[in-house]
Amino acid sequence: MRTWFEPLRRNQRSQKWAQRAEHERRRQCSEALSLLQPYLDGSLEPDEAEVFELHLDACRACGLELQVYRDIKGTLADRRSAPDRAAVSRLRQFVAGLHHRY
């Protein structure tokens, strides 16, 4: 009987470990996403930027978010006139929604 319970215990430990790992990943992504705009603006301290970049190297989802922000920032920089206030408001709502997602 002992061999029957051992895989069950291992499986339960693995499941708890996976849940903890997922929780930690979400926490790290949430922290990283809060640094996204300051990173693009170049206002992070060098050590903060390095930690942020290490996270980006390991996290495809945050890397894709960074690319979206870069694209948006590039598009806005290409405009010759001031951005539409309604568009800026929608962009801010979009960013706030991303932050709450993680």
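1. Accessibility classes come first: a residue is buried under 20% relative accessible area, exposed over 50% and partly exposed in between, with a 1.4 Å probe and protein chains only. By these cut-offs glutamate 31 is partly exposed, at 45%.

2. On provenance, this is a predicted model, in which local features need pLDDT of at least 70 and side-chain atom pairs count only at pLDDT 80 or more, while totals for chains, interfaces and linings use all residues. Residues are numbered from 1 along each chain as its sequence is written, and side-chain values use heavy atoms, with hydrogens and water left out.

3. Five salt bridges are counted, a salt bridge being a side-chain nitrogen of Lys or Arg within 4 Å of a carboxyl oxygen of Asp or Glu. One of them joins arginine 27 to glutamate 31, with the closest N and O atoms 2.4 Å apart. The two residues are four apart in helix α1, which is about one helical turn. Helices here are DSSP runs (H or I, at least four residues), numbered from the N terminus. Arginine 27 is partly exposed, at 36% relative accessibility.

4. Helix α1 also holds arginine 26 and glutamate 22, again four residues apart and about one turn of the helix. Their salt bridge has its closest N and O atoms at 3.0 Å. Arginine 26 is partly exposed at 43% relative accessibility, and glutamate 22 is partly exposed at 31%. Both belong to a network of salt bridges that links Glu22, Arg25 and Arg26.

5. A further salt bridge is formed by the side chains of lysine 73 and aspartate 41, at 3.1 Å from N to O. This pair links distant parts of the chain, with lysine 73 in helix α4 (residues 60-78) and aspartate 41 in helix α2 (residues 36-41), 32 residues apart. Lysine 73 is partly exposed, with a relative accessible area of 35%; aspartate 41 is partly exposed too, at 47%.

6. How many aromatic pairs does a search of the whole structure find? There is one. Rings of Phe, Tyr and Trp (its six-membered ring) pair if their centres lie within 6.5 Å, and planes under 30 degrees apart count as stacked, over 60 as edge-to-face and the rest as tilted. The rings of tyrosine 39 and phenylalanine 52 have centres 4.6 Å apart and planes at 40 degrees, so the pair is tilted. Because tyrosine 39 lies in helix α2 and phenylalanine 52 in helix α3, the pair ties together parts 13 residues apart in sequence. Tyrosine 39 is buried at 19% relative accessible area, and phenylalanine 52 is buried at 2%.

7. The largest pocket holds about 150 Å³ of space. A pocket is an open set of points on a 1 Å grid over the protein atoms alone, where a 1.4 Å probe fits, with protein on both sides within 12 Å along at least five of seven lines; lining residues have an atom within 4 Å of a point. The volume is the space filled by probe spheres set on the points, which are joined across faces, edges and corners.

8. The lining of the largest pocket includes Glu31 and Phe52, along with Gln28, Ala32, Leu35, Glu48, Val51 and His55. Helices α1 (2-34) and α3 (46-58) each supply at least two lining residues, and the largest share, four residues, comes from α3. By class the lining has four nonpolar, two polar and two charged residues. Here Ala, Val, Leu, Ile, Met, Phe, Trp, Tyr, Cys and Pro count as nonpolar, Asp, Glu, Lys and Arg as charged, and the others, Gly among them, as polar.
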